[in-house]
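Please open the model in your viewer and keep the selection panel at hand. The stops below are meant to be taken in order.

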Amino acid sequence: MYPANFDYHRASSVQEALAMMAENPDLKVIAGGHSLLPAMRLRLAQPPALLDVFGLEELRGIRREGDVFVVGAMTTHAQVLRSELPLFPEVAHEVGDPMVRNRGTIGGSLAHADPSADYPAAALALGVEFVIRGPGGERTVPADEMFVGMFESAVGLGELLTHIRIPASVRGSAYEKFKHPASHYAIAGVAVVRHADGEIRAAYTGAGERAERLPLLEERLNAGQPAGEGLVDAANLLGDRFASPEYRAHLVDVLAGRAAARV
Amino acid sequence: MNVTVTVNGKAHTRDVEPRTLLVHFLREDLGLTGTHVGCDTSQCGACTVHLNGEAVKSCTVLAVQAGGMEVTTIEGIGTAAELHPLQTGFWEKHGLQCGFCTPGMIMSAAELLRHDPDPSEETIRHHLEGNYCRCTGYHNIVFAVQHAAAAMRERQAGQAADD
Ligand SMILES: Cc1cc2nc3c(=O)[nH]c(=O)nc-3n(C[C@H](O)[C@H](O)[C@H](O)COP(=O)(O)OP(=O)(O)OC[C@H]3O[C@@H](n4cnc5c(N)ncnc54)[C@H](O)[C@@H]3O)c2cc1C
């Protein structure tokens, strides 16, 4: 099925992309296109104009700066999978399928804030930082402030997520996912990370309107207790024809137990 | 919009609407109908081609995004006289019934065998997660890929011995 008509532009630098976006508020950024194009084909999205930033080399690749890895937003899932990043390669292994991983980008996924996406749980548990550039310059957003709501991240209109800063060394980490068998998106996913200072952080995705930390799980694990049950309240979770809120709450408990056992 | 895409080694320039998906460009503008459309949701993998050497779903790439790039389709990997080892593998191991998913299966498996000449059954199954078959049941598809992998390893060993 064809998307509705649109104009297509390619940016040759981040600076040019930001200038074009400032001039034309109708411009919609396209990265790997593996969330945007499926939505456009179903006419769930009908942007009048696309700005292609996928080819921007300055936004691709991973470099180490002391204690952090700086990851370009256009780094594909396949590149993440082959990298030395903590936790993310394990998560990338579970994203979609090889073809999706060859096109889809880490920045596109995190900017998009799909409630069923895998990376957000890892981003929260790792406590990554997001570098966002806009007309007013550059700002850094902590993971806890990135996922605002369903398909809503802290990346605003006219802004570009350029890099993700990921702590380079953690003591242990795990991601456990219950995937939808056809789409492979997370019906529920839990990430647990033991940081360099020993503190454990955990988060879930897929089950609610947005990825969130798991404070009760963190409290128990940091006190040396088992993960236990009742980590999330089903009243705050999503239900659809694939899984009820109660089932998703149960999945979070089970996946948290499995992930905790591995860190 | 004018776009030039090199397909199976030959450059093609066409005037396309930006919304033209790469798969429709291949099928309708270039008449290369070996690449199939099996779904509307980017899931089935029947449209898999190689874009600058990487397997992608051509239903989820715009033709204009492929401008200046190289595409390989199922038509470009073997000939009727000399089939690609994966084509032989699907033939020998009955890796198909209706054959609709086969071009995508082969293009996807070809990428796997380039990185991993001797994949385990589990690796093959995980790698083909984005390619749906609705009749064979995957079992013989796994055998077909293993058959091709063995043939390609043998060929490689033969070449090494010749050198
Ligand atoms: C069949 C299939 C299965 C999938 N399975 C999974 C899965 O199991 N788990 C999972 O997590 N995901 C899955 N995905 C989604 C995939 O991971 C996408 O690649 C990802 O969600 C979006 O990244 P993208 O680069 O393709 O972004 P695009 O689709 O190009 O963009 C998505 C949105 O983010 C915006 N955007 C993109 N980049 C930036 C940026 N740098 N700055 C500001 N805004 C930006 C765009 O404007 C758009 O609104 C699947 C997709 C498909 C097609």
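Keep in mind that the model is predicted.

**Stop 1: chain A against chain B**

Colour chain A and chain B separately and select the residues where they touch. The contact takes 34 residues from chain A and 34 residues from chain B. About 2900 Å² is buried between chain A and chain B, and carbon and sulfur atoms account for 53% of it.

**Stop 2: charges and polar pairs between the chains**

The side chains of A:Arg41 and B:Asp40 form a salt bridge, with 3.6 Å from N to O. Three salt bridges are found across the interface of chain A and chain B. The interface of chain A and chain B also has 13 residue pairs in polar contact, both residues being at pLDDT 80 or more.

**Stop 3: the chain A side by element**

Which elements of chain A give two or more residues to the side that touches chain B? Select strand 1 (7-10), helix 2 (36-41), strand 3 (49-52) and helix 5 (98-103) of chain A to see them. Helix 5 of chain A gives the most to this side, with six residues. Colour the side of chain A that touches chain B by residue class: 17 residues are nonpolar, nine polar and eight charged.

**Stop 4: the two domains of chain B**

Domain 1 of chain B brings 19 residues to the contact, and domain 2 of chain B brings 14 residues.

**Stop 5: between the domains**

Domain 1 and domain 2 of chain B bury about 1300 Å² between them, 61% of it on carbon and sulfur atoms. How many salt bridges are found across the interface of domain 1 and domain 2 of chain B? The number is zero. Seven residue pairs are in polar contact between domain 1 and domain 2 of chain B, both residues at pLDDT 80 or more.

Finish by selecting strand 3 (48-51) and strand 4 (54-57) of chain B, the elements that give two or more residues to the side of domain 1 that touches domain 2. The residues on that side of domain 1 of chain B divide into seven nonpolar, ten polar and two charged.

Key:
Residues numbered from 1 in each chain as written. Chains lettered and ligands numbered in written order. Predicted model: local features only at pLDDT ≥ 70, side-chain atom pairs only at ≥ 80, totals over all residues. Heavy atoms only, no water. Contact = heavy atoms within 4.5 Å. Buried area = accessible area lost by both parts, 1.4 Å probe. Salt bridge = Lys/Arg side-chain N within 4 Å of Asp/Glu carboxyl O. Polar contact = N/O pair within 3.5 Å; in protein donor to acceptor, adjacent residues only side chain to side chain. Helix = DSSP H or I, 4+ residues; strand = E, 2+ residues; numbered from the N terminus. Nonpolar A, V, L, I, M, F, W, Y, C, P; charged D, E, K, R; others polar.
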